[in-house]
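Take a look at the model below. This report walks through its helices, its sheet and a few single residues.

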Amino acid sequence: MKKTYKVVYEKNAIKSLRKLDVKQRKYIFQFIKNKLNNTENPRQMGKALKGNLKEYWRYRVGDYRLIAEINDEEIRIIIFEVGHRKDIYNK
């Protein structure tokens, strides 16, 4: 049986998603549903971050970025932050 990853949202990510307009939010949720949820290899869609964020991964969804942690023990992708690419790394 193959292991597939489940997506989990942190409070901060939910708060950020609520601030987006409906069209953008729908686009991001569609990406998560189609590309991340139930994937066998979450690293193929994302990119490892560097420096002080090196334990996190980023997923590019248009002009927006999802910052996530991939937890292999629990087979989960934990989304911490969602934001526009010009703002996301400055937090």
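The face of H2 turned away from its buried side carries exposed residues: Val22, Lys23, Lys26, Lys33 and Asn34. The model is a predicted one. What sits on the buried side? In H2, the buried residues are Ile28, Phe31, Ile32 and Leu36. Viewed down the axis of H2, its buried residues fall within an arc of 95°, so they line one face of the helix. An α-helix has 3.6 residues a turn, so residues three or four places apart point the same way.

Which elements do the buried residues of H2 pack against? They pack against strand S1 (6-9), helix H1 (11-19), strand S3 (57-61), strand S4 (64-71) and strand S5 (76-84). H2 has 15 residues, 22-36, and at 1.5 Å a residue they should span 21 Å. The end C-alpha atoms of H2 are 20 Å apart, which agrees. Just after H2 comes Asn38, with a positive phi of about 70°.

## The first helix

Now turn to H1. Its buried residues are Ala13, Ser16 and Leu17. Down the axis of H1, the buried residues fall within an arc of 100°, so they line one face of the helix. On the other side of H1, the exposed residues are Lys11, Lys15, Arg18 and Lys19.

What covers the buried residues of H1? The cover includes S1, H2 and S5.

## The sheet

In what order do the strands of the sheet run? The order is S1-S5-S4-S3-S2, in an open sheet of five strands with mixed pairing. S1 and strand S2 (47-48) stand at the edges, each with a single partner strand, so one side of each is left without a neighbour in the sheet.

Look at two of the pairings. S1 and S5 pair in the parallel sense over four bridges. Within S5, Ile79 is the bridge partner of Tyr9. S4 and S5 pair in the antiparallel sense over eight bridges. Asn71 stands opposite Arg76 in S5. S4 and S5 form a hairpin, with four residues between them. In the turn, Ile75 has a positive phi of about 55°.

## A buried arginine

Find Arg58 in strand S3. Arg58 is buried, yet it has no salt bridge. How far away is the nearest side chain of opposite charge? That side chain is Asp63, and it is 11 Å away. A salt bridge needs a side-chain nitrogen of Lys or Arg within 4 Å of a carboxyl oxygen of Asp or Glu.

What does Arg58 touch? Leaving aside neighbours within four places in sequence, Arg58 is in contact with Gly46, Lys47, Leu49, Arg65, Leu66, Ile67 and Tyr89.

## A histidine in S5

His84 lies in strand S5. Its relative accessibility is 21%, so His84 counts as partly exposed. The cut-off for buried is under 20%.

Which residues is His84 in contact with, leaving aside its neighbours within four places in sequence? They are Asp63 and Tyr64. Compare His84 with Ala48: the two are 36 residues apart in sequence. In space, His84 and Ala48 are 18 Å apart, C-alpha to C-alpha.

How values were computed: Residues are numbered from 1 along each chain as its sequence is written. This is a predicted model: local features need pLDDT of at least 70, side-chain atom pairs count only at pLDDT 80 or more; totals for chains, interfaces and linings use all residues. Side-chain values use heavy atoms; hydrogens and water are left out. Helices (H or I, at least four residues) and strands (E, at least two) are DSSP runs, numbered from the N terminus. The expected span of a helix is 1.5 Å times one less than its number of residues. Buried means under 20% relative accessible area, exposed over 50%, partly exposed in between (1.4 Å probe, protein chains only). The arc is that of the directions from the helix axis to the C-beta atoms. Contact means heavy atoms within 4.5 Å. Lys and Arg count as positive and Asp and Glu as negative; His and the chain ends are not counted. Two strands pair if DSSP finds at least two bridges between them.
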